[in-house]
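Colleague: I would like to learn how to read a few structural features from coordinates. Could we take them in turn?

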Amino acid sequence: MIATLFILSVSLSAPPEAAQPADTVYCDSVFQTRSGRTQRVQVTCPEVENQESLIRQTRRQVQDARSVLRDLSIRDVPGRVHFVRVETEDGVDWQVQPGVIARINAYYPANPVRANVPGACTARYDIIDGEPENICIRCRASDFRGDYIREMRRAIRRSFFVDTDTEVEQIYSVEFPLPEAASPGIPDVPSCEED
């Protein structure tokens with residue numbers, strides 16, 4: 001499973017052919033958080049036409065991002081902002097795309113770990129104005145389902161999102177295997193109308 005994911009990530013991040021200009025690019029960032037606010041933002045963007053616009057927009061998105069749950073301070077958080085190339089009367093510009101800047105992954109809940117009860121969860125939510133809304137979560141666990149649901153909700157509310165006028169749906173899945181107990185398997189994406 002790990003090898004498959006690694007190969008997939010390498011193939012997705014391969015650079016486009018040099019003969020054609022990229023229609024989509026992304027900028028990476030590294031930053032610190034203090035009580036849910038971003039600090040000391042460093043930005044790296046590809047060398048493309050109007051790179052200055054990419055750097056400026058990425059820095060603004062990361063600096064303006066705020067997690068809903070502001071209980072953590074973390075160093076060296078990696079982030080990424082995606083863009084689409086647009087042609088304007090003045091030349092090339094880049095339009096920021098909605099999505100996740102940096103996901104703060106779910107922690108293992110203490111009670112299930114002590115009881116050796118593994119779990120797995122899938123969440124569906126919308127990013128609206130840079131914040132997660134309409135969160136619904138489905139978890140599999142023989143016990144302590146509520147603990148896993150709470151931790152998934154915390155992870156989503158601790159994460160950082162791009163703020164655009166476009167609403168976008170996100171799916172987030174996590175397995176919580178334990179040394180002596182395998183994950184029960186990722187559940188189906190929840191239907192928010194049913195849950």
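Colleague: How many cavities of 30 Å³ or more does the structure hold?

Modeller: This is a predicted model, and the structure holds 1 cavity of 30 Å³ or more. The volume of the largest cavity is about 50 Å³.

Colleague: Which residues line the largest cavity?

Modeller: The lining consists of T33, G36, S67, L69, D71, L72, I74, I104, R158 and F160. By class, these residues divide into 5 nonpolar, 3 polar and 2 charged.

Colleague: Take S67 from that list. Where is S67 found, and is S67 buried or exposed?

Modeller: Burial is judged by relative accessible area, and a residue under 20% counts as buried. S67 has a relative accessible area of 1%, so it is buried. S67 sits in the loop between helix 2 and strand 3.

Colleague: What does the side chain of S67 reach?

Modeller: The side chain of S67 reaches the backbone oxygen of L69, at 3.0 Å. Both S67 and L69 are among the residues that line the largest cavity.

Colleague: Now the overall layout. How many helices and strands are in the chain, and in what order do the elements run?

Modeller: The chain has 4 helices and 9 strands. Read from the N terminus, the order is α-β-β-α-β-β-β-α-β-β-α-β-β. Of the 195 residues in the chain, 37% are buried.

Colleague: Which residues touch the most other members of the largest nonpolar core?

Modeller: This core has 20 residues, and those that touch the most other members are F31, L54, V81, F83, I101 and F160. Two or more residues each come from strand 1 (24-34), strand 2 (37-44), helix 2 (51-64), strand 3, strand 4 and strand 5 (100-102). Another core, of 17 residues, lies apart from it, with A106, C139, M152 and V174 among its members. F160, from the largest core, is also one of the residues that line the largest cavity.

Colleague: Where is A106 found, and how far are the C-alpha atoms of A106 and V174 separated?

Modeller: A106 is in the loop between strand 5 and helix 3 (110-115). With a relative accessible area of 15%, A106 is buried. A106 and V174 are 68 residues apart along the chain, while their C-alpha atoms are separated by 7.6 Å.

Colleague: Next, strand pairing. How many bridges join strand 3 to strand 4?

Modeller: Pairing is read from the bridges between two strands and from their direction. Strand 3 (residues 74-88) and strand 4 (residues 91-96) run antiparallel and are joined by 6 bridges. V84 has Q95 in strand 4 as its bridge partner. The two strands, strand 3 and strand 4, form a hairpin with 2 residues between them.

Colleague: Which strands are joined to strand 6?

Modeller: Strand 6 is joined to strand 9 (residues 168-176) by 9 bridges, and the two run antiparallel. In that pair, A120 stands opposite E175 of strand 9. Strand 6 is also joined to strand 7 (residues 131-140), again antiparallel, by 8 bridges. There, T122 stands opposite R138 of strand 7. Strand 6 and strand 7 form a hairpin with 2 residues between them, and D129 in the turn has a positive phi of about 55°.

Colleague: Why is strand 6 described as largely enclosed by the rest of the structure?

Modeller: In a regular strand the side chains alternate between the two faces of the sheet. Strand 6 (residues 119-128) is largely enclosed because 7 of its 10 residues are buried.

Key: Residues numbered from 1 in each chain as written. Predicted model: local features only at pLDDT ≥ 70, side-chain atom pairs only at ≥ 80, totals over all residues. Heavy atoms only, no water. 1 Å grid on protein atoms, 1.4 Å probe; cavity = no way out; pocket = protein on both sides within 12 Å on 5 of 7 lines; lining within 4 Å. Points joined across faces, edges and corners; volume = space filled by probe spheres on them. Nonpolar A, V, L, I, M, F, W, Y, C, P; charged D, E, K, R; others polar. Pairing = 2+ DSSP bridges. Core = buried A, V, L, I, M, F, W, Y, C linked by side-chain atoms within 4.5 Å. Buried < 20%, exposed > 50% of the residue type's maximum accessible area, 1.4 Å probe, protein only. Polar contact = N/O pair within 3.5 Å; in protein donor to acceptor, adjacent residues only side chain to side chain.
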